[in-house]
Amino acid sequence: MIVDARGRRFRNLRVSLTAACNYACTYCVPNGRKLMAARNELTVEGFLQAVKLLIDVAGIDKLRITGGEPLIAPGFDDFVRGLGRLALEDVAVTTNGQFLGKKLEVLQHSPISRINLSLDTLNPLAFRRLARSGDLETVLSGLDAALDRGFKVKVNMVPLRTGNLDQVLPLLDHCLARNVELRMIELMNMGHLKSSPEFHRDYVGMDELLEVIAKQYEFERADAPYDSTAVRFAIEGKGHFGIIANHSEPFCASCTRLRLSSDGHLYGCLSSAKYQPMRDLLSLPIEIAREKLQDRLALALQNKQPVAFSGETTVMKFIGG
Ligand code: SAM
């Protein structure tokens, strides 16, 4: 087991199955151009071999499939089927939900039990303005269909001062009515937002979000698991919500996340562009691959921020949000 001086180890793996995405969200894609196909990505066998090695060497037991938009990855169905043969305790997927309804059958026959659905607004016009694509009704019916089939769903929202701050309460109501936890992610200064006026204009911190919610609900702080990214709150008799407070209350001290990009690079921290290659290990004899991976994971662990997220020019969809 590789552990750093702060007692941190890798336990949670996020796999960006493709950098391609059918959306071009304003805070993720600067020029509004959708990337519908990405080059030089690992094959399904390559991804599965990488995950297997990471389970063996790093002790990964939780995996989240992300992207880009994972549900449009050509190898999605085969990948999730293959995951069923690996020793993972928990498998989840993060999606924009546009194809969720169509993929539920596949998901139900896979080890995935938890779905995080990214949804920034319930206003159809604002939806098109922010995602620059997609259809709100399709996403909402995908959410209800997933709940009907018994999936545990959380909704992720990125509140933006000039984009959807008025949607915090409507989205919270929508989630509470379905016993779904809403997670508000503080905007991160990543990619084109790094050190940009746009970031400073649109960033909304936890205190302000809590003030908005306090206009309608009474709540108190609730427990969260040790390596959770979210600060959780309980609204008595109604449910929970969470804030992923990257800036207001950083969680680097207990971060257990490791990221595998679709082109086969390992990132030890969302807030560092430094990576370790993994693709070359996939064709080596297993013992040699394990040995080399051990060294690279030790280097990747050194890239974790000591205390707080400081931002990076890497783009979320390439390294997996
Ligand atoms: N396409 C999938 C989706 O929409 O959930 C998975 C990839 S997306 C990059 C994962 C999450 O990252 C989404 O919830 C998105 O809102 C969030 N995200 C992207 N850029 C962000 C930023 N600069 N700050 C905070 N969250 C961001």
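**View 1. Contacts around Ile65 in the predicted model.** Neighbours within four places in sequence are left aside here.

**View 2. The largest nonpolar core.** This core holds 105 residues. Ile65 is among those with the most contacts inside it, together with Val51, Phe76, Phe79, Leu83 and Leu297. Helix 1, residues 44-58, gives the most to this core: 10 residues. In soluble globular proteins, nonpolar side chains tend to be buried together.

**View 3. Helix 3 and its cover.** Helix 3 spans residues 100-108. Its buried residues are Leu100, Lys103, Leu104, Val106 and Leu107. Helix 2 (76-83) and helix 5 (136-148) are among the elements that cover them. Strand 3 (90-95) and strand 4 (112-118) also belong to this cover.

**View 4. The protein chain as a whole, for orientation.** The chain has 10 helices and 12 strands. Its radius of gyration is 19 Å, close to the 20 Å that the globule rule gives for 321 residues, so the chain is as compact as a globular protein of that length. Along the principal axes, the C-alpha atoms fill a box of roughly 60 × 40 × 40 Å. Buried residues make up 58% of the 321. Of the contacts with a separation of 6 or more, 72% join residues 24 or more positions apart.

**View 5. Surface and charge.** The accessible surface comes to about 14,000 Å². Carbon and sulfur atoms account for 51% of that surface. The chain carries 40 positive and 37 negative side chains. The centres of the two sets lie 4 Å apart.

Methods. Residues numbered from 1 in each chain as written. Predicted model: local features only at pLDDT ≥ 70, side-chain atom pairs only at ≥ 80, totals over all residues. Heavy atoms only, no water. Buried < 20%, exposed > 50% of the residue type's maximum accessible area, 1.4 Å probe, protein only. Helix = DSSP H or I, 4+ residues; strand = E, 2+ residues; numbered from the N terminus. Contact = heavy atoms within 4.5 Å. Rg over C-alpha atoms; globule rule 2.2 N^0.38 Å. Areas by Shrake-Rupley, 256 points an atom, 1.4 Å probe, with all protein chains shown as cover. Lys, Arg positive; Asp, Glu negative; His and termini not counted. Charge placed at Lys NZ, Arg CZ, Asp CG, Glu CD. Core = buried A, V, L, I, M, F, W, Y, C linked by side-chain atoms within 4.5 Å.
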